[in-house]
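Hello,

Here is the structure we discussed. My notes follow below it.

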Protein chains: 2
Amino acid sequence: MKTLHEYADMVEARLDALLPEMADGAYEMGGMPWLLANSMHYSLMAGGKRLRPAMLLAAVEMLGGDAGEALDFACAVEMIHTYSLIHDDLPGMDDDTLRRGRPTNHVVFGVGPAILAGDGLLNFAFETMLRAASAHPQRAAANLAAICEIAHGSGVTGMIAGQAMDLHCERADGGDAGALDYIQRGKTACMFAYPLRAAARLADADAAQLTALSDYGMAFGLLFQATDDLLDVTGSADAMGKTLGKDAASGKLTCVSALGIDGTRARIEREHRAAVDALSIFGARAAFFVQLVDDMVERTH
Amino acid sequence: MKTLHEYADMVEARLDALLPEMADGAYEMGGMPWLLANSMHYSLMAGGKRLRPAMLLAAVEMLGGDAGEALDFACAVEMIHTYSLIHDDLPGMDDDTLRRGRPTNHVVFGVGPAILAGDGLLNFAFETMLRAASAHPQRAAANLAAICEIAHGSGVTGMIAGQAMDLHCERADGGDAGALDYIQRGKTACMFAYPLRAAARLADADAAQLTALSDYGMAFGLLFQATDDLLDVTGSADAMGKTLGKDAASGKLTCVSALGIDGTRARIEREHRAAVDALSIFGARAAFFVQLVDDMVERTH
């Protein structure tokens, strides 16, 4: 297995090949127009950590599968994650003007093109996975199952469900612990759990391995969100690389607003343990994934 | 083969089953939240003519395939069409407040939920097709090929490409005949041509039949758009069921603005002939599809 950084580099290179920049004004019949290609490229190549796709590739290799064959599926996960950020940042949603230290997509390209860049990345994610699946007809069933997992995670009972509930609670100025759980599972954890489930499908994992990765991904996502919520209140802007306290100011339902700081720390401890426990069937092979959650908890100390 | 109305009824009933309305405030872990389900439902069940999915089903039956097995693919096409309308109507895009005589999605549910309703319908379209494909593993290759066709038609070199170019030309206050062609092929014709290509895949059509349906769909789409552009200028608001003259007022690039009224009439005649010619290999079996283009041209007389 490789390091997180090495998996991220694989993803970075492949994304750049799948979606090259175009000259201003360029288009040809049957191809993309520059405005769409470049607005998609701007957000996709904005220096994300590629955490979700890297974890998918690592899981495939941990299970003895081929990371190269899984690469387009991993890239699709990153496209979906990126589209969700572009749409989240829009006026009418979070209305953010900065993301990863750069102006958000709609600030640079306008609201209309940003909506289309998001739509385009979601559709292109499926195009990319479907093309990869079609290239290996002898693997059709496993590839189809992997695409299903990712579609489910990003879908109307997964990521989009969480976002819709988040929007509702923000407008209603609150929500209970049940709503918090629903939002964070949907919005954040599904896009870790389901790509890992896809990895299991791609690597022909057995049912126990599939469940273990799924449980780890869900716990990882909840831990990720709880850590983020905690550091939004207790962290320093420098270390986080973004404006802090924004969630509280906008009345967003977070772990801290629903559970308090101590409750959030307890949740972090609980999800950390759940994540590590889920990996037990893999033994020492899961060191990569244990390290990820250990590092995350370390940041909150 | 059935009538257009009968195919539309099949689609209507299946869409309603795939996406039922929910009680206000309802949600459960792993399911959709009411806000998302109901905003998707509002636009999906808004009384569209179901032309694209009906044509897909008719093509499958013309080729000897099973319309019942193709139904979820047809419904997915309608979901994609509907999402594109929701996003098109948003502020930052066309900023429309009325669609099919009812307030547009963002007017009823707000901009944020409307963005998510569109995202949700696009993702749900893929979820629906993938679930249908997974249910018939022995048809995996044909089903996968059909999903690929639809993804291509709705994608970044298809529908979304046309929309992005349209947005650019509107802002640049114009565009040439090449841009017009690019926009109308992408934005309108691809969502007729590619669903018909999907029908060919689902019915195991041969290469000549695939090309014939594809050519017909492209000509149909260009004819559809040219007719719409012409009637926006020469038609009556009553007959069209919408505000007329809006395209000209917003500086949109249309057949009439680029080619003039006579040029548009010539285009209508040309695409009508191309559509009918493409169907020749099907002989009398293609009566359904010939009738569709004949009726369309009839409206411009």
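**Chain contact**

The contact draws 48 residues from chain A and 48 residues from chain B. Two residues are in contact if their C-beta atoms, placed from the backbone, lie within 7 Å. On the side of chain A that touches chain B, helix 2 (34–44), helix 6 (111–134), helix 7 (140–154) and helix 8 (159–171) each supply at least two residues. Helices are DSSP runs (H or I, at least four residues), numbered from the N terminus. Helix 6 of chain A gives the most, with 15 residues. By class, this side of chain A has 31 nonpolar, 15 polar and 2 charged residues. Nonpolar means Ala, Val, Leu, Ile, Met, Phe, Trp, Tyr, Cys and Pro; charged means Asp, Glu, Lys and Arg; the others, Gly among them, are polar.

This is a predicted model: local features need pLDDT of at least 70, side-chain atom pairs count only at pLDDT 80 or more, and totals for chains, interfaces and linings use all residues. Residues are numbered from 1 along each chain as its sequence is written, while chains are lettered from A and ligands numbered from 1 in the order in which they are written.

The same surface serves both: 100% of the contact residues of chain A recur in chain B.

Regards
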